[in-house]
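Have the structure open as you read.

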Amino acid sequence: GGGGGGGGGGGGQDGAAREFGLSLLLVALRAGGRVLARAPAFAALLEDDISLCMVQTAEAEIAISEASSGRVSEVPGASSVLSLVLQCVAEVLLLLGLGGSAREEAMLSRIYLKLLGGGSPSASPHLLPPALIETALEHLQSLLVLTELPLHVYLRFDCHPARADLLQDLAAALRAIAAPERPDPKPAASGGAAPGGAPQ
């Protein structure tokens with residue numbers, strides 16, 4: 001399968017191996033995924049093992065980026081690996097559809113929401129390099145167009161009392177990136193003109 005998650009840095013041989021493995025997986029999904037997905041065994045492999053691999057790989061790269069305080073120069077391969085992960089996730093969702101499974105919830109919340117700084121109080125896009133956030137936004141945009149994702153996420157998750165409100169969380173994360181909260185301006189230092197200035 002594609003590169004495994006956990007351990008190893010974003011660059012170096014481990015990062016190169018993950019990138020190579022993900023590239024091969026992406027080619028396989030695009031070339032023969034629609035035919036192979038009709039086979040129950042391959043569909044189960046996509047739903048379980050490959051989806052979990054995508055989540056673990058993405059989380060490993062995100063953790064490395066956060067640990068390096070978001071400096072791109074310290075994680076040179078992270079953007080490439082995450083881009084491949086997001087492309088593979090899109091292919092899996094296109095092949096299998098969105099059925100509301102726990103694995104789909106994990107892919108959306110632990111990859112997309114984490115990259116966009118949503119889903120938990122501690123998550124923040126400011127901990128990640130801008131290049132990674134831009135990568136997530138670009139791939140999310142293409143996924144929205146290809147799969148009618150908002151409608152399916154709303155029906156499968158937000159409308160389900162036992163599932164997370166993923167569409168609401170995604171919308172909140174996108175809104176926070178589009179209009180980030182600015183710190184309150186510091187009160188003007190005392191001095192200078194008197195509070196009650198001369199009337200005009």
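Which side chain meets R110 in a salt bridge? The partner is E59, with 2.7 Å from N to O. A salt bridge here is a side-chain nitrogen of Lys or Arg within 4 Å of a carboxyl oxygen of Asp or Glu.

Before going further, a word on the ground rules. This is a predicted model, so local features need pLDDT of at least 70 and side-chain atom pairs count only at pLDDT 80 or more, while totals for chains, interfaces and linings use all residues. Residues are numbered from 1 along each chain as its sequence is written, and side-chain values use heavy atoms, with hydrogens and water left out.

**Salt bridges**

By that rule the count comes to four salt bridges. Three of them, including the one above, are set out here.

| Pair | N to O distance |
|---|---|
| E91 and R30 | 3.4 Å |
| R110 and E59 | 2.7 Å |
| R163 and E105 | 3.6 Å |

Helices are DSSP runs of H or I with at least four residues, numbered from the N terminus. E91 is buried, at a relative accessible area of 14%; buried means under 20%, exposed over 50% and partly exposed in between, with a 1.4 Å probe and protein chains only.

R163 is partly exposed, at 29% relative accessibility.

**Helix packing**

Two packed helices are described by the angle between their axes and the distance between the axes. For α4 and α7, the axes come within 10 Å and cross at roughly 15 degrees. Axes are lines fitted to C-alpha atoms, over the stretch in contact for helices, and angles run from 0 to 180 degrees between N-to-C directions. α4 and α7 are therefore roughly parallel, a label for angles under 35 degrees.

Terms used
Helices (H or I, at least four residues) and strands (E, at least two) are DSSP runs, numbered from the N terminus. Angles under 35 degrees count as roughly parallel, over 145 as roughly antiparallel, 65 to 115 as roughly perpendicular and the rest as oblique.
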